[in-house]
Amino acid sequence: MRGYVGEAAVALLTVRSLVDDAVRRYEEQTLTAAESAAVKLAVHRSATTAVDQVGRAFGTASVWHSHAWQRYFRDLRVGAHNSPPEDVAIDGLARQVLEDGTF
């Protein structure tokens, strides 16, 4: 169980770092649209990992409608269908890297 919780904590640290950096770069007006989309994608992936790991720690009960964690699990799964889709975010970042050489 501790391994699952530890993995969730690592994923949440990743989320915090990505969001903090994106906010700083937005305020400095150095965050591009492609990077913003890629940050959303990366944050969603890391948050999903955190929820999956905590769900494993709770066991099957974590997907019961009466369990509070079920809502996080469902919301993250639905979030994958909100814009921008993964392929658009990845393509935009790749285009930026290839055209500008920036990353």
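Leaving aside its neighbours within four places in sequence, with which residues is A47 in contact? In this predicted model, in which residues are numbered from 1 along each chain as its sequence is written, local features need a pLDDT of at least 70, side-chain atom pairs count only at pLDDT 80 or more, and totals for chains, interfaces and linings use all residues. Side-chain values use heavy atoms, with hydrogens and water left out.

Apart from neighbours within four sequence places, A47 is in contact (heavy atoms within 4.5 Å) with V15 and L76. These three residues belong to the largest nonpolar core, whose seven members are V15, A22, V39, V43, A47, V51 and L76; such a core is a set of buried Ala, Val, Leu, Ile, Met, Phe, Trp, Tyr and Cys residues joined through side-chain atoms within 4.5 Å. Two or more residues of this core come from each of α1 (2–27) and α2, and the largest share, four residues, is given by α2. In the same helix α2 (residues 33–58) lies S46, which counts as buried because its relative accessibility is 14%, buried being under 20% relative accessible area, exposed over 50% and partly exposed in between (1.4 Å probe, protein chains only). Beyond its neighbours within four places in sequence, S46 is in contact with A11, T14 and V15.

In helix α3 (residues 68–79), the residues Q70, L76 and G79 are buried, and the buried residues of α3 pack against α2. Helices here are DSSP runs (H or I, at least four residues), numbered from the N terminus. Confidence, given as pLDDT from 0 to 100 for each residue, has its lowest element mean in α3 (76) and its highest in α1 (95), while the protein averages 87.

Terms used
pLDDT = per-residue confidence, 0-100.
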